[in-house]
Amino acid sequence: MKNAELLTAPIGLFDSGVGGTTIWKEINALMPNENTLFLADNKNAPYGEKTKEEIIALCDANTQFLLNHNAKIIVVACNTGTTNAIAYLRDKYKQVPFIGIEPAIKPAGLQSITKKIGVLATRRTLTSDLFAKTSEHLKQEEKIEIIEQVGEGLVDLIEAGQMESAKMTALLQKYLQPMVAEGIDYLVLGCTHYPYLLPQIQRLIPTSIKVIDSGYAVARQTRNILAQYHLLNEKQDHVATHKWVTNGNLEILKQFAEYKDEKKHSIEVLNFDRV
């Protein structure tokens with residue numbers, strides 16, 4: 001592609017489902033002129049209970065889809081995908097920059113007063129080499145105690161449109177109360193789906209506990225890398241176009257396709273086979 005075409009080429013994002021839309025919103029807020037293409041691999045959600053090999057294969061297929069649709073940068077808007085597959089993706093697809101997302105345990109640990117932080121994430125994120133490396137450093141160098149909790153079942157309920165269900169409340173109580181009892185003062189949301197549960201989470205934990213995720217940091221890093229590669233689209237009169245694609249439940253994805261100004265955004269929510 002020519003340079004002018006590269007500027008208007010989309011930012012490609014993928015996740016195992018609708019969770020990555022939390023990252024999309026941060027990117028869109030920071031870079032409203034950028035076109036985007038978001039792939040929700042709902043058919044294979046959740047990734048957190050799959051093997052590393054399965055996760056790599058799915059992330060590879062997602063990457064190929066985005067590259068086939070001319071993505072100029074790829075955001076792995078999935079903690080499980082990043083912690084298990086991003087090294088493989090960067091090695092295989094050297095022609096395109098990748099942005100990953102990890103649980104924000106480092107900033108949480110460095111700011112913690114009690115030196116105890118909680119991490120709610122998928123099983124595969126918590127058992128990944130990348131997470132282990134970061135958490136071990138915090139434990140050894142900063143003397144931080146990390147209370148890990150697998151959020152089994154949470155993604156499934158979000159993907160089924162049951163965020164406000166009694167079952168969701170019961171699971172959150174089960175997962176959060178032990179961490180609260182341990183004396184955490186920071187709770188890290190280690191899955192891009194989980195920020196959608198913030199209202200329920202805040203009702204179940206003391207107000208003194210700060211809840212953080214990685215959304216804004218990922219958006220900022222995406223902008224920095226685009227600028228570094230001279231790919232940042234800064235045309236103020238550009239009407240950004242956004243395509244949201246799913247191979248699963250179209251109606252669920254539509255519920256998350258939000259935009260504030262119709263004059264500045266054009267959004268399509270499509271089935272995988274229509275793109």
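This is a predicted model: local features need pLDDT of at least 70, side-chain atom pairs count only at pLDDT 80 or more; totals for chains, interfaces and linings use all residues.
Residues are numbered from 1 along each chain as its sequence is written, and side-chain values use heavy atoms, with hydrogens and water left out.

**Colour the domains.** Select 3–101 + 216–271 for domain 1 and 104–214 for domain 2; these bounds come from an automatic or database domain assignment. Their C-alpha centres lie 24 Å apart.

**Show the interface.** Here 33 residues of domain 1 are in contact with 23 residues of domain 2 (heavy atoms within 4.5 Å). Together the domains bury about 1900 Å², 56% of it on carbon and sulfur atoms; buried area is the accessible area (1.4 Å probe) that two parts lose on being put together, summed over both. Now pick Glu 49, Asn 79 and Thr 83: in domain 1 they lose the most area to domain 2, together 25% of what that side buries.

**Zoom in on Glu 49.** Its side chain meets that of Arg 123 in a salt bridge (3.0 Å, N to O). The rule, a side-chain nitrogen of Lys or Arg within 4 Å of a carboxyl oxygen of Asp or Glu, finds 1 salt bridge across the interface.

**Finish with the helices.** On the side of domain 1 that touches domain 2, α2 (21–30), α3 (52–68), α4 (79–92), α11 (215–228) and α12 (250–256) each supply at least two residues. Helices are DSSP runs (H or I, at least four residues), numbered from the N terminus.
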